[in-house]
Amino acid sequence: MKLAVLGAGAWGTALAAHWAPHHAVTLWARNAADVEAMRRERVNARYLPGCLLPDPLQLTTDFQAAVAAADLIVVAVPSGALRPTLAALAAHPGLPPVLWVCKGFEPGSRKLPHQLVAELLPNPNHTGVLSGPSFAQEVAHGYPTALTLAAEDGALARRLAEALSSPRLRIYAHDDVIGVELGGALKNVMAIAAGVCDGLALGHNARAALITRGLAEMTRLGVRLGGHFETFMGLSGLGDLILTTTGDLSRNRQVGLRLARGQPLDTILAELGHVAEGVTTAREVAGLAAELGVDMPITRAVCQMLFEGLPAARAVDALLNREIKAEF
Ligand SMILES: NC(=O)C1=CN([C@@H]2O[C@H](COP(=O)(O)OP(=O)(O)OC[C@H]3O[C@@H](n4cnc5c(N)ncnc54)[C@H](O)[C@@H]3O)[C@@H](O)[C@H]2O)C=CC1
Ligand SMILES: O=C(CO)COP(=O)(O)O
């Protein structure tokens with residue numbers, strides 16, 4: 001298969017490097033100097049240091065050429081950059097199937113990726129989402145990983161899951177696009193909360209409680225928005241929640257760990273040097289939940305810490321001392 005991976009951050013680079021031995025892969029980046037450096041050094045020093053880029057992997061800044069040659073497009077830019085990337089794709093005649101891998105809402109519009117795809121692409125039926133527990137560094141190094149690929153068209157999901165799986169990357173097919181997208185977006189907010197929990201050294205009990213109640217909160221909103229309950233128990237829900245609430249490679253968890261130390265958000269994001277989708281997603285989700293009357297106390301607490309300067313310890317006290325209620 002001829003793949004064009006659009007976006008050369010940590011995740012786009014890792015996927016392109018992983019697939020390069022199995023497919024003809026071109027990785028597109030918008031920055032010419034970055035592409036030049038990657039060609040020369042065979043490493044993406046800024047976003048994925050320490051992972052060698054396989055020789056067959058092609059690197060380009062020529063968007064049109066990358067798209068024209070592809071029979072599958074994988075959009076790997078953050079949610080905030082999805083709209084312009086889809087708009088550029090939409091101008092292209094005879095577009096092949098398109099997958100996206102971002103995990104978040106469009107900042108400001110409260111829209112999920114599939115809603116932007118429906119708005120902008122001529123053939124939204126020919127599209128899908130790839131998500132699940134997958135740190136870029138581990139995929140790039142060939143560590144075993146399992147993902148979910150969801151498309152409205154079940155046959156397309158199955159065909160692409162088979163084509164993109166490798167001996168170290170097992171991809172399951174699914175048809176619940178909304179549920180898969182929501183799991184990936186909402187777990188980022190919970191990863192921030194878990195970072196706070198561990199940054200304050202609140203113990204294993206607290207973290208287990210947070211993960212469990214976080215899953216309840218994700219599922220409550222997710223089902224209300226049309227996702228299937230069982231999707232939240234799968235790889236793209238619980239799987240990714242476990243990974244990013246416990247794994248220090250998670251940038252969202254890192255945001256929480258630093259919030260617990262009292263660092264201001266601007267400093268945290270500047271030092272991170274990568275996107276942490278949970279920050280914008282928390283704001284979008286809190287607004288959406290309030291509008292729909294869905295109770296999301298952990299998300300609210302994350303927003304108060306991120307945007308209203310609520311000290312982490314006070315947010316924890318407030319969460320623990322809410323009115324007692326039934327678990328289910
Ligand atoms: N890093 C990871 O382990 C994983 C990340 N993801 C998701 O993948 C998406 C991308 O994440 P990362 O690659 O890790 O982010 P990153 O912060 O490592 O890199 C972001 C990349 O997007 C590029 N970019 C930003 N705006 C752009 C635009 N308008 N046009 C073209 N390129 C643009 C940047 O130049 C940079 O190369 C996020 O939604 C993230 O949640 C999903 C699974 C794993
Ligand atoms: O989504 C991810 C792994 O599945 C990566 O999480 P972070 O964006 O928090 O690093």
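Which residues are closest to ligand 1? They are Gly-9, Ala-10, Ala-81, Cys-102 and His-274, out of 25 residues that surround the ligand (a residue counts as near if its C-beta atom, placed from the backbone, lies within 6 Å of the molecule). Keep in mind that this is a predicted model, where local features need pLDDT of at least 70, side-chain atom pairs count only at pLDDT 80 or more, and totals for chains, interfaces and linings use all residues. Residues are numbered from 1 along each chain as its sequence is written, while chains are lettered from A and ligands numbered from 1 in the order in which they are written.

Let's stay with the ligand's shell for a moment. Helix α1 (10-19) gives the most to it, with 3 residues, and α4 also supplies at least two. Helices here are DSSP runs of H or I with at least four residues, and strands are runs of E with at least two, numbered from the N terminus.

Now for α4 itself, which spans residues 82-90. Its buried residues are Leu-82, Thr-85, Leu-86 and Leu-89; buried means that 20 or more other C-beta atoms, placed from the backbone, lie within 10 Å of a residue's own. These four sit on the same side of α4, because they cover an arc of only 95° around the axis, going by the directions from the helix axis to the C-beta atoms.

Over to Lys-187, which an unreviewed UniProt entry lists as "active site"; such annotations may be inferred rather than shown by experiment. Lys-187 is found in helix α8 (residues 177-199) and is buried, with 33 other C-beta atoms within 10 Å.

Technical notes
A residue is buried if 20 or more other C-beta atoms lie within 10 Å of its own, exposed if 12 or fewer, and partly exposed in between; C-beta atoms are placed from the backbone.
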